[in-house]
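Dear colleague,

I am handing over the structure below, and my notes on what was found in it follow directly after it. Please read them with the structure open beside you.

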Amino acid sequence: MDSWDIHARAALRLKGEAYNIGLSWERDAERFMLLLEAPFGQGVFRIDSAAGGPYRLRLPDGQVFTNATPEALLDDVIGWSLPLSGLEYWIRGIPQPDSDFSRRIDSGGRARSISQDRWAIVYLDYFSEQPEPQLPRRIQLSRDELTLKLVIERWQQSEAEQEPSD
């Protein structure tokens with residue numbers, strides 16, 4: 001699955017502070033769009049890119065920033081970053097290509113954990129009612145003083161990738 005629409009809740013712990021956020025992520029070959037929604041109406045951060053162009057970050061106050069990677073964009077603007085380039089693989093339970101990794105798998109062949117690029121990714125639960133491949137439902141990522149716990153509420157395959165119906 002290379003294209004998706006995901007809705008998730010996330011708990012972010014950074015340097016002893018905790019934040020709860022909503023996450024909506026649409027990705028396909030032509031488009032990347034990630035919405036991070038802060039609780040209690042504090043605003044929506046939007047990161048998007050079209051056809052491999054630069055990434056744009058739109059802040060709740062309307063300011064727009066750009067950079068070549070989503071990680072550099074977040075780091076430049078807010079001073080810390082999420083591993084979005086790796087996460088697009090890890091969220092599917094697979095390691096990012098072209099980078100060393102170690103992995104533990106369960107008896108069903110699903111990832112239990114991946115260590116890559118100094119990140120520790122632990123798979124806590126999978127959607128069991130899905131046909132193959134089973135996709136992760138709860139994931140924890142940790143590195144240095146940052147921990148992100150994701151609970152994916154809904155995985156939806158992009159319409160361009162869905163099998164035609166009879």
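D144 counts as exposed, at 67% relative accessibility, where exposed means over 50% relative accessible area, buried under 20% and partly exposed in between, with a 1.4 Å probe and protein chains only. Please keep in mind that this is a predicted model, in which local features need pLDDT of at least 70 and side-chain atom pairs count only at pLDDT 80 or more, while totals for chains, interfaces and linings use all residues. Residues are numbered from 1 along each chain as its sequence is written, and side-chain values use heavy atoms, with hydrogens and water left out.

The place of D144 is the loop between strand 10 (136–143) and strand 11 (146–157); strands (E, at least two residues) and helices (H or I, at least four) are DSSP runs, numbered from the N terminus. These two strands form a hairpin with 2 residues between them, and in it D144 takes a positive phi near 50 degrees, although it is a residue other than glycine. Most residues other than glycine have a negative phi.

Strand 10 and strand 11 pair in the antiparallel sense over 6 bridges, two strands being paired if DSSP finds at least two bridges between them. Within strand 11, L148 is the bridge partner of L141, and K149 is that of Q140. Strand 11 also runs antiparallel to strand 1 (residues 4–14), to which 11 bridges join it, and there T147 is the bridge partner of R13.

D98 lies in the loop between helix 2 and strand 7 (101–105), and with 85% relative accessibility it counts as exposed.

Where is the place of E88? It is in helix 2, which covers residues 84–90, and E88 is buried, with a relative accessible area of 12%. Its side chain makes a polar contact with the side chain of R27 at 2.7 Å (a pair of N or O atoms within 3.5 Å; within protein, one must be able to donate a hydrogen and the other to accept it, and residues adjacent in sequence count only if both atoms are side-chain atoms). Leaving aside neighbours within four places in sequence, E88 is in contact (heavy atoms within 4.5 Å) with W4, W25 and R27.
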